[in-house]
Amino acid sequence: MSRGASSSTVAELLSSRQVAPSILAADFARLGEQVGDVLAAGARVLHVDVMDGHFVPPITIGALIADAISEQVHDAGGIVDVHLMVEGPERHVDAFVEAGADIVTIHQEATPHVHHALERIREAGCRAGLAINPSTPVDVVSEVGDALDLVLCMSVNPGWGGQSFIPASVDKLARLRGRLPAGTALEVDGGVDESTASQCVGAGATLLVAGSSVFGAADPGEAFRRLAATMET
Ligand code: DX5
Ligand code: ZN
């Protein structure tokens, strides 16, 4: 049973340009306070990076943490954007939907059953996203186009925050944009900061994930505002 935001709220946010702060870079000893800071600054998409120690080496966040922030995010009119960097992600969809996820994104490289997993996410009441690693060709998204609401283009290799943006990602975003229906959200994740954000937006990205450039700053709310300003037309 979904505990997510209303369908109209999700649709509205997914059809707009948003900076999505990644809590991976937050201070977990005061997570609620830090999430509150970026919500107060206008953030409406909170990105949750889930790593299992198999698909990527680190182990990070599970459904418990998504559950811990989801009410706060929804009360502020926001949505919870879960990025599953886990093997066999179809096994974990229900737990994150029950925790309040509004978007669940799986990796093309993490399961032989991508189409099935995307269908499972939608059946569970969430929007479905497909992430691709830097070395994965853009054409894979064309094969499942009808089954997804969002494409996430990794602009670093998944597994760690604080890495440098891979410059070839700008051209890759433009190629992805050209293969997607106009309404499909295009998210870019990794190394996004004030120096790379506008190139991503220029190439067609609509959601910018930002971890260390927001939560690594002395004032995350102010860092969010500055980054969001780079998305304004
Ligand atoms: C990396 C994660 C990212 C990460 C981004 O595997 O998917 O969401 O938090 O961190 P920064 O913005 O620091 O590159
Ligand atoms: Zn992510």
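**Ligand 1 and the largest pocket**

The space that ligand 1 takes up is the largest pocket, in what is a predicted model.

Colleague: How many residues surround ligand 1, and how do they divide by class?

Modeller: The residues that come closest to ligand 1 are Asp49, Gly159, Asp189, Gly211 and Ser212, and they belong to a shell of 20 residues. By class, that shell around ligand 1 divides into 8 nonpolar, 10 polar and 2 charged residues.

Colleague: At what distance from an oxygen atom of ligand 1 does a polar side-chain atom of Asp189 lie?

Modeller: Taking the polar contacts of ligand 1 one by one, an N or O atom in the side chain of His83 is 3.3 Å from an oxygen atom of the ligand, and a polar side-chain atom of Asp49 is 2.7 Å from an oxygen atom of ligand 1. For Asp189, the distance between a polar side-chain atom and an oxygen atom of ligand 1 is 2.6 Å.

Colleague: Which element gives the most residues to the shell around ligand 1?

Modeller: Two or more residues of the shell come from each of strand E2 (45–51), strand E3 (79–85) and strand E8 (207–210). The element that gives the most, with 3 residues, is E2.

Colleague: How much space lies in the largest pocket, and which helix gives two or more residues to its lining?

Modeller: The space in the largest pocket comes to about 290 Å³, and 27 residues line this pocket, with Gly161, Gly162, Asp189, Gly190 and Gly191 closest to its centre. The lining divides into 12 nonpolar, 12 polar and 3 charged residues. Two or more of the lining residues come from each of the strands E2, E3 and E8, and also from the helix H9 (212–215).

Note on methods. Residues numbered from 1 in each chain as written. Chains lettered and ligands numbered in written order. Predicted model: local features only at pLDDT ≥ 70, side-chain atom pairs only at ≥ 80, totals over all residues. Heavy atoms only, no water. Near = heavy atom within 4 Å. Polar contact = N/O pair within 3.5 Å; in protein donor to acceptor, adjacent residues only side chain to side chain. 1 Å grid on protein atoms, 1.4 Å probe; cavity = no way out; pocket = protein on both sides within 12 Å on 5 of 7 lines; lining within 4 Å. Sits in = over half its atoms within 2 Å of the grid points. Helix = DSSP H or I, 4+ residues; strand = E, 2+ residues; numbered from the N terminus. Nonpolar A, V, L, I, M, F, W, Y, C, P; charged D, E, K, R; others polar. Points joined across faces, edges and corners; volume = space filled by probe spheres on them.
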